Amino acid sequence: DPLLAEGEGAFAELPGSTRAAATVVTQLSTLLDGHLALEEEHVVPFLRDAREFPPPASDAEAQLYAEGFAWSLHGIAPVVTDGIYALLPGILLAKLPAARAAFEARCERLWGASQNGASLTSVPDWFARA
């Protein structure tokens, strides 16, 4: 996504220049507010009733899902991630360790750290304390 690439560039300039980073954060916040509201209304109720995750149609799709799960599970308590893993097909489970390691490396490159969390909700525990 061009906006994420713009953000990576802007964040790399910190702490020197904050204007570009602030602009990207504002744009992302606007996009995410609507997206997350839609997810809460339509996707979350569907997922709460799910008993399995459908197998990906291809290896490329499995990789894409693994990258999405790596992002969405970051900072979530093992008791929650274990429950999610129990729903996932083997092809996806096989790709998750590498996807999670790549996501953690990206966090460290961008933010200087990759915090392990223990959140039991969609709000990371470290964010709730901030």
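**Reading surface and burial in a predicted helical model**

Modeller: In this predicted model, the protein chain exposes about 9,000 Å², and carbon and sulfur atoms supply 62% of that area.

Biologist: What percentage of the 130 residues counts as buried?

Modeller: Of the 130 residues of the protein chain, 23% count as buried.

Biologist: Which secondary structure elements make up the protein chain?

Modeller: The chain comes to six helices and zero strands. Of the contacts with a separation of 6 or more, 62% are between residues 24 or more positions apart.

Biologist: How is confidence to be read here, and which elements have the lowest and the highest mean pLDDT?

Modeller: The predictor's confidence in each residue runs from 0 to 100. The chain averages a pLDDT of 83, and 87% of the residues score at least 70. Helix α6 (residues 125-129) has the lowest mean among the elements, 54, whereas helix α3 (residues 59-73) has the highest, 92.

Biologist: Which residues form a nonpolar patch on the surface?

Modeller: Val43, Phe46 and Leu47 form such a patch, with about 310 Å² of accessible area together. Val43 belongs to helix α2 (residues 19-48).

Biologist: Is Arg100 buried or exposed, and what is the nearest side chain of opposite charge?

Modeller: Arg100, in helix α5 (residues 90-111), is buried yet has no salt bridge. A salt bridge requires a distance within 4 Å, and the nearest side chain of opposite charge, Glu104, is 5.1 Å away. Leaving aside neighbours within four places in sequence, Arg100 is in contact with Ala70, Leu73, His74, Thr81 and Tyr85.

Technical notes: Residues are numbered from 1 along each chain as its sequence is written. This is a predicted model: local features need pLDDT of at least 70, side-chain atom pairs count only at pLDDT 80 or more; totals for chains, interfaces and linings use all residues. Side-chain values use heavy atoms; hydrogens and water are left out. Patches are made of residues with over 30% relative accessible area and no salt bridge: like charges are joined within 9 Å, nonpolar side chains (Val, Leu, Ile, Met, Phe, Trp, Tyr) within 5 Å. Accessible areas come from the Shrake-Rupley method with a 1.4 Å probe; for residues, only the protein chains shown count as cover. Helices (H or I, at least four residues) and strands (E, at least two) are DSSP runs, numbered from the N terminus. Buried means under 20% relative accessible area, exposed over 50%, partly exposed in between (1.4 Å probe, protein chains only). Lys and Arg count as positive and Asp and Glu as negative; His and the chain ends are not counted. Contact means heavy atoms within 4.5 Å.
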